[in-house]
Amino acid sequence: MSDKRSVKSYVLRQGRLTRAQANAIDRYWDEFGVDYGDEPLDLDALFKRYAPRVLDIGSGMGETTLRLAGENPEIDYLAVEVHRPGIGRLLHGIAESGLDNVRVINHDAVDVVNRQIPAESMASIYIHFPDPWPKKRHHKRRLVQPGFVRQLTTRMKTEGQLYLATDSADLAEYMCAVCDAEPGLVNLAGNGNFSPRPLWRPLTKFEQRGLGLNNRVWNLIYCRR
């Protein structure tokens with residue numbers, strides 16, 4: 001699958017990088033950042049050990065990544081995010097918390113998965129609250145597309161799990177249909193069904209605010225055959 005796409009699943013928002021976030025990138029990128037490249041990563045060398053790995057796609061401001069990495073030091077987390085404010089906040093949190101099991105890539109997740117993630121290397125993959133692109137003419141921008149889901153499946157270990165969450169009913173149905181159609185995945189709730197929220201997944205401020213407004217959140221969990 002080519003990684004040369006004319007349509008992106010995101011729009012970069014420039015001019016929102018705070019001084020603290022910029023300083024964190026300058027200070028900590030060499031230690032925790034991973035430059036984008038055309039070759040698969042040597043994950044054992046990157047994390048300096050062999051351990052279960054999680055690919056966190058669209059880590060946002062890093063709230064979930066930091067919480068889970070702190071609670072699960074035996075697991076390595078590779079966070080992928082395109083927005084530099086989120087990168088800066090996450091790098092600051094890694095350093096402040098003294099974490100050594102998080103690495104960060106500032107690039108398009110589709111390119112990263114196609115080029116840098118080795119086959120059958122991930123125990124789990126997270127896609128939490130991707131941009132819903134609600135207008136029908138924008139559905140082609142949605143991150144979860146059949147080709148991308150196929151690529152994700154090949155990057156997961158056998159019985160590895162793919163977790164998705166959204167507060168958009170339309171996107172939930174769309175992701176369910178796309179992932180149910182992938183022959184390498186099994187919907188653990190049964191085709192067409194949604195799973196309860198995994199108890200290990202922290203409630204972010206964004207999600208708590210939505211629940212306070214009586215917004216529903218849909219969760220999907222898939223296992224690689």
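Strand S5 gives the lining of the second largest pocket its largest share, three residues. This is a predicted model, in which local features need pLDDT of at least 70, side-chain atom pairs count only at pLDDT 80 or more, and totals for chains, interfaces and linings use all residues. Residues are numbered from 1 along each chain as its sequence is written, and side-chain values use heavy atoms, with hydrogens and water left out.

**Terms**
- A pocket is an open set of points on a 1 Å grid over the protein atoms alone, where a 1.4 Å probe fits, with protein on both sides within 12 Å along at least five of seven lines; lining residues have an atom within 4 Å of a point.
- Volume is the space filled by probe spheres set on the points, which are joined across faces, edges and corners.
- Helices (H or I, at least four residues) and strands (E, at least two) are DSSP runs numbered from the N terminus.
- Ala, Val, Leu, Ile, Met, Phe, Trp, Tyr, Cys and Pro count as nonpolar, Asp, Glu, Lys and Arg as charged, and the others, Gly among them, as polar.

**Second largest pocket**
- This pocket holds about 190 Å³ of space.
- Its lining has 13 residues, with Val54, Asn72, Ile75, Tyr77 and Tyr126 closest to the centre.
- At least two lining residues come from each of S2, H3 and S5.
- Nine lining residues are nonpolar, two polar and two charged.

**Largest pocket**
- The volume of the largest pocket is about 1300 Å³.
- Among its 43 lining residues, Gly58, Gly60, Met61, Glu81 and Phe129 lie nearest the centre.
- Helix H3 supplies the largest share of this lining, four residues.
- The lining comprises 17 nonpolar, 14 polar and 12 charged residues.
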